[in-house]
Amino acid sequence: MKKIAFFIAIAAIAFQSFSQTANSWRLGVHFSCIGNPSEFSGGSSDANALFNQHDYASGSLGVTWRYFYNEHWSLQSGLTFGSLGFEYAMAKDYSLMHKESQFVVNRAGFGTAQIPLTVLYDFKPNCNNVHFFVGAGISLLSRTNTAEQTVNAEPNSETKVSSSVLYLDQTVNSGKSTTLTGQFMFGAEKNLKHGGMLQLGFVINKGTNDITSTTVNYNVNNTAYSQTFTNRSNYCGLTFGYYFKEHQKK
């Protein structure tokens, strides 16, 4: 609750300051493709060679409000919905007729809602109306579901040749949580003739504490493994944005 109050206070002060001096504003939409890593935090530190830990790949969609103080400085916020989570895989025997069945994949995700508050600096545009930008700020990230879930994955008996993998499951300990994160952006934007603007950038989100954990269990050659991983809401990836026509402040 203190984090939420702190974020609201900072956002209110920032928007009041910018709205009083902003020359214009834009409304936009954006889509991001991100990878979300998890970290080993408990259980057996020895993993079988067949076991793989992957970044959780997902996408997010949101709306953006952006206030322009001048041609260089702007303040951006909005609301973004996406998902974070965990992904693991086990290599197994497979048929060369079905190469896609080489791995048993186990994914478990949870929904998120995020409110960023980012200060952006735009460099001077070139002759093609393209300019580069950098940005940094904070973000309020909340989980949107609370159920504990167990996800099981087993080899497909129709495609496997033989397999020593008996099972691969994970139980995610989930609950509602809200956390402050740091956010960094850089990329390029292009002004369009009809007044819109395209954005292509790279976004990095850095969490401040663990928001959820999962326990992974698997069995190889009659040896059982159990490991715990945590998620701190860290992610990075590409973001694509479109801003509608600029509105001048009256």
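**Close-up views of a predicted model**

**View 1. The largest cavity has a volume of about 290 Å³.** This is a predicted model, with local features needing pLDDT of at least 70, side-chain atom pairs counting only at pLDDT 80 or more, and totals for chains, interfaces and linings using all residues. Residues are numbered from 1 along each chain as its sequence is written, and side-chain values use heavy atoms, without hydrogens and water. A cavity is a set of points, on a 1 Å grid over the protein atoms alone, where a 1.4 Å probe fits but cannot get out; lining residues have an atom within 4 Å of a point. Grid points are joined across faces, edges and corners, and the volume is the space filled by probe spheres set on the points. One cavity of 30 Å³ or more is counted.

**View 2. The lining of the largest cavity has 26 residues.** His 30, Ser 32, Thr 80, Gln 183 and Tyr 235 lie nearest the cavity centre. Strand β5 gives the largest share, nine residues (strands are DSSP E runs of at least two residues, numbered from the N terminus). By class, the lining has 11 nonpolar, 15 polar and no charged residues (nonpolar: Ala, Val, Leu, Ile, Met, Phe, Trp, Tyr, Cys and Pro; charged: Asp, Glu, Lys and Arg; polar: the others, Gly among them).

**View 3. The largest pocket has a volume of about 260 Å³.** A pocket is an open set with protein on both sides within 12 Å along at least five of seven lines. Its lining has 16 residues, with Phe 68, Glu 71, Asp 122, His 131 and Asn 191 nearest the centre. Four are nonpolar, seven polar and five charged.

**View 4. Asp 122 forms a salt bridge with Arg 66.** The closest N and O atoms are 3.1 Å apart (cut-off: a side-chain nitrogen of Lys or Arg within 4 Å of a carboxyl oxygen of Asp or Glu). Asp 122 lies in β6 and Arg 66 in β4, so the pair ties together parts 56 residues apart in sequence. Asp 122 is buried, at 4% relative accessible area. Arg 66 is buried too, at 0% (buried is under 20%, exposed over 50%, partly exposed in between; 1.4 Å probe, protein chains only).

**View 5. Glu 246 forms a salt bridge with Arg 26.** The closest N and O atoms are 4.0 Å apart. Glu 246 sits in the loop between β14 and β15, and Arg 26 in β1, so the pair ties together parts 220 residues apart in sequence. Glu 246 is partly exposed, at 31%. Arg 26 is buried, at 6%.

Terms used
Helices (H or I, at least four residues) and strands (E, at least two) are DSSP runs, numbered from the N terminus.
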